[in-house]
Amino acid sequence: MRLQENKIHTGDCEIVLKDYPDDFFDLIVTSPPYADSRKNTYGGIPPNEYVEWFLKKSEQFLRVLKPTGTFILNIKEKVEKGERHTYVLELILALRQQGWLWTEEFIWHKKNCHPGKWPNRFRDAWERCLQFNKNRQFNMYQESVMVPMGQWAATRLKKLGKNDVVRFDSQVGSGFGKNIANWVGRDKAYPSNVLHLATETGNRNHSAAFPNALPEWFIKLFTLEGDWVLDPFVGSGTTCIVAQELGRNSVGIDVLPEYTDMAAEQLQPDEALLFDGKGTYETRRKK
Ligand SMILES: C[S@@+](CC[C@H](N)C(=O)[O-])C[C@H]1O[C@@H](n2cnc3c(N)ncnc32)[C@H](O)[C@@H]1O
């Protein structure tokens, strides 16, 4: 029998994380406050100060992440004076200077983004999910996020021409992934780096909550049961709630007690939800 732990701390993640040891977490998945957004709820950081603000926090993330771990950062640059601001691009460069590898970028396509009309652009239907790692070798469980092969297989794969079978082999060597013929008869394929997810937030009362499916996808891809997941800007607790459902241990941190209360309420303890009176909630479950 294993003990599953899920903790929620109230406080600034930069400070709370100082109590955690080096190389502790298998995955960090988070959506920080975007520059200058939601000033009235949890404060906005001016775009020009964003990188400096973030780097002090990511220094801790780098320290507490295992060498085999992954950091997923959901973020999107705002528009200022008619232009996309460059702070996300600057942040990527600065994180590389800090020691992170920028290994991949996933696009979260928001399938149901609300309709609207702007004079010089269309509605914004996607956000970045940037992937950073400490090393080129990191844990990744690709089979856990395979998708149904879908209808295209029925038509496209049935009509393979000679070129489909040999063309890619001759160009790229063994190329199992590129040789379409190798996929005949299979019912699952690896997904792309575009995630088509609706922005549903269940009944959580947070203005910028993740859909459950977003952290779920990354938790399945980068961790196993019993691994440790961190969301340092946990808001309404989505990452920790999903981590708990998937049998992972988790730590969530938020500066606002109304959010950590909300997050803790939704965790399912075996017995009681423990509260230390100083802003930390803890649940323990026997698995
Ligand atoms: C975009 S929201 C996260 C929403 C979350 N993904 C969810 O599903 O509810 C960002 C959160 O970061 C929190 N926050 C802002 N500054 C923080 C800090 N220094 N340390 C920890 N949390 C912080 C805010 O209170 C806010 O809830």
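**Reading aromatic pairs and a helix contact**

Me: Is F61 buried or exposed in this model?

Reply: The model is predicted. F61 has 0% relative accessibility, so F61 counts as buried. The cut-off for buried is under 20%.

Me: How do I read a pair of aromatic rings?

Reply: Such a pair is described by the distance of the centres and the angle of the planes. This structure holds 22 aromatic pairs. Take F61 and F71: their ring centres are 5.5 Å apart and the planes lie at 70°, so this pair is edge-to-face.

Me: Where do F61 and F71 sit in the chain?

Reply: F61 belongs to helix α3 (residues 50-64), F71 to strand β3 (residues 65-75). They are ten residues apart, and the pair links distant parts of the chain.

Me: Which aromatic pair do F71 and W100 form?

Reply: A tilted one, 5.0 Å centre to centre with 50° between the planes. W100 lies in the loop between α4 (87-98) and β6 (101-110), 29 residues from F71. Both F71 and W100 are buried.

Me: Which residues do ring pairs link into a cluster?

Reply: Y50, W53, F54, F61, F71, Y87, W100, F132 and F233.

Me: Now helices. At what angle do α7 and α8 pack?

Reply: About 50°, with the axes 9 Å apart. That makes α7 oblique to α8. The crossing is right-handed.

Me: Which residues make the contact?

Reply: α7 (residues 213-222) gives P215, E216 and I219. α8 (residues 238-245) gives T238, T239, V242 and A243. By type, four are nonpolar, two polar and one charged.

How values were computed. Residues are numbered from 1 along each chain as its sequence is written. This is a predicted model: local features need pLDDT of at least 70, side-chain atom pairs count only at pLDDT 80 or more; totals for chains, interfaces and linings use all residues. Side-chain values use heavy atoms; hydrogens and water are left out. Axes are lines fitted to C-alpha atoms, for helices over the stretch in contact, and angles run from 0 to 180 degrees between N-to-C directions. Helices (H or I, at least four residues) and strands (E, at least two) are DSSP runs, numbered from the N terminus. Angles under 35 degrees count as roughly parallel, over 145 as roughly antiparallel, 65 to 115 as roughly perpendicular and the rest as oblique. A crossing is left-handed if the near helix is turned anticlockwise from the far one by less than a right angle, and right-handed if clockwise. Contact means heavy atoms within 4.5 Å. Ala, Val, Leu, Ile, Met, Phe, Trp, Tyr, Cys and Pro count as nonpolar, Asp, Glu, Lys and Arg as charged, and the others, Gly among them, as polar. Rings of Phe, Tyr and Trp (its six-membered ring) pair if their centres lie within 6.5 Å; planes under 30 degrees apart count as stacked, over 60 as edge-to-face and the rest as tilted. Buried means under 20% relative accessible area, exposed over 50%, partly exposed in between (1.4 Å probe, protein chains only).
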